[in-house]
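User: I have a protein model to look at for class. Can we go through it step by step?

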Amino acid sequence: GSGAGAGGGNRMEIAQKMARVERVDLERRTVKVVGEEGGGKETLAYDRLVLAVGKVPVAAPVAAPMGSVVVSFGSAESARALRDAAAMLRARAGTKRKVVVVGTNFVGVEVSLAVRELVGRSVDVTIVGPSEVLAVAKEDFNKESARMALRDARVATVVGFRVENIIPLPTRGPEGGARLLCIDKKGKSQVIDCDLVVWAAGLRPNPLTASLGDVMRPVRGDGRLLTDSSLFIRRESTGVADPAVLALGDCAAITDSSSGAIDLPTAQAALQQSEYAAWNLRASLLREFAPNAPEVTRKPLAYRYQDLGEIVYLGPDNASVSTLGGAVQLRGPAAAVMRRGIYAARMPLIEQIVDTGTGVVEDTLSRLFPGFL
């Protein structure tokens, strides 16, 4: 909004508002929001708008409401629901229990191994998906690391099948269960019965950005917002950038100015995009409200992606890291520590870096030397 230091001063006021965005009006430059817990509606005007709303989980194809038997993974609330459901399964001693994780992508693999930690070895865990494990990973080293971790954790894999339908099985255990109808590319079907389904089968465009009109998309039907190299969204009617709206992260299709390719939707890319978005947002405000500011501060930066490698979480004491073009490749506890250290270093504030880094060191020492701290 206006008054955000556009005049070149160092002071910037940031107001936080907990609300759900109901509608964005690109023509009027307004955002309509609804307050949490029954709060009223409010319309906010903007000079600049940054859209970083990400994507939302693909809905599970359930035939009927199934309560805690099907957990769609993708939020803090779903993580708590998964933890509670896993605890209930562990408490059911003496019966055969099974968890199915749907999705062989990064999230599916990481959730499968987390589920194994939660339920212990007495519960069967299976991961199901239409493609090979971590087919989207760039590094073969990480793919092999994931397969090794799943095998060591005794997580069964069923690949080449997509889940068409999930129906309730009320007679399976006290909480009921689920039956998954799976079909491969040739039409062959397979049925899997289980006590808990964890749905981690990818993401779809956020309804907010998917519903915006007069915006360009990378391809028809793709809900992402196509941007120029400065991260400003392109308008369909004019073919040029909207000078007031930037987009980044999973909701955006951003072209790398050095390669000409659209960025992959990864956390690494989003972090780099955020730095360009911040600079270009400020530069655009200076061009409009402070035209006499130094030219270098008013000049936008063309986004250039730097590939820093790939990291995969494979459990609390396991990870796979491939960086520097494959020159550095690690798996196991050392990679797990390296992964956490990298995330700590990318925290935006010095205080957060120190706190998170201290936590990494303390946790590592406590695992290596129980009772030391």
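User: What volume does the largest cavity have?

Analyst: This is a predicted model. Rolling a probe the size of a water molecule over the atoms shows where empty space is left. Here, two cavities of 30 Å³ or more are counted. The largest cavity has a volume of about 100 Å³.

User: Which helix gives the largest share of the lining of the largest cavity?

Analyst: The lining includes Ala85, Met88 and Leu89. By class, the lining has five nonpolar, two polar and three charged residues. The largest share is three residues, and they come from helix α1 (residues 76-91).

User: How much space lies in the second largest cavity?

Analyst: Among the residues that line this cavity are Arg224, Ile254 and Gln273. The lining divides into four nonpolar, two polar and two charged residues. The space in the second largest cavity is about 40 Å³.

User: Which strands are the edge strands of the open sheet?

Analyst: Five strands form this sheet, in the order β6-β13-β7-β8-β9, and the pairing is parallel. An edge strand pairs on one side only. The edge strands are β6 (70-72) and β9 (155-159).

User: Which residue in β13 is the bridge partner of valine 101?

Analyst: Strands of a sheet pair through backbone hydrogen bonds, either parallel or antiparallel. Strand β7 (residues 98-102) pairs with β13 (residues 196-199) in the parallel sense, over four bridges. In β13, the partner of valine 101 is valine 198.

User: At what angle does helix α2 run to β8?

Analyst: Helix α2 covers residues 106-119. It lies across β7, β8 (124-129), β9 and β13. Its angle to β8 is about 170°.

Terms used
Residues numbered from 1 in each chain as written. Predicted model: local features only at pLDDT ≥ 70, side-chain atom pairs only at ≥ 80, totals over all residues. Heavy atoms only, no water. Pairing = 2+ DSSP bridges. Helix = DSSP H or I, 4+ residues; strand = E, 2+ residues; numbered from the N terminus. Contact = heavy atoms within 4.5 Å. Axes fitted to C-alpha atoms, helices over the stretch in contact; angles between N-to-C directions. 1 Å grid on protein atoms, 1.4 Å probe; cavity = no way out; pocket = protein on both sides within 12 Å on 5 of 7 lines; lining within 4 Å. Points joined across faces, edges and corners; volume = space filled by probe spheres on them. Nonpolar A, V, L, I, M, F, W, Y, C, P; charged D, E, K, R; others polar.
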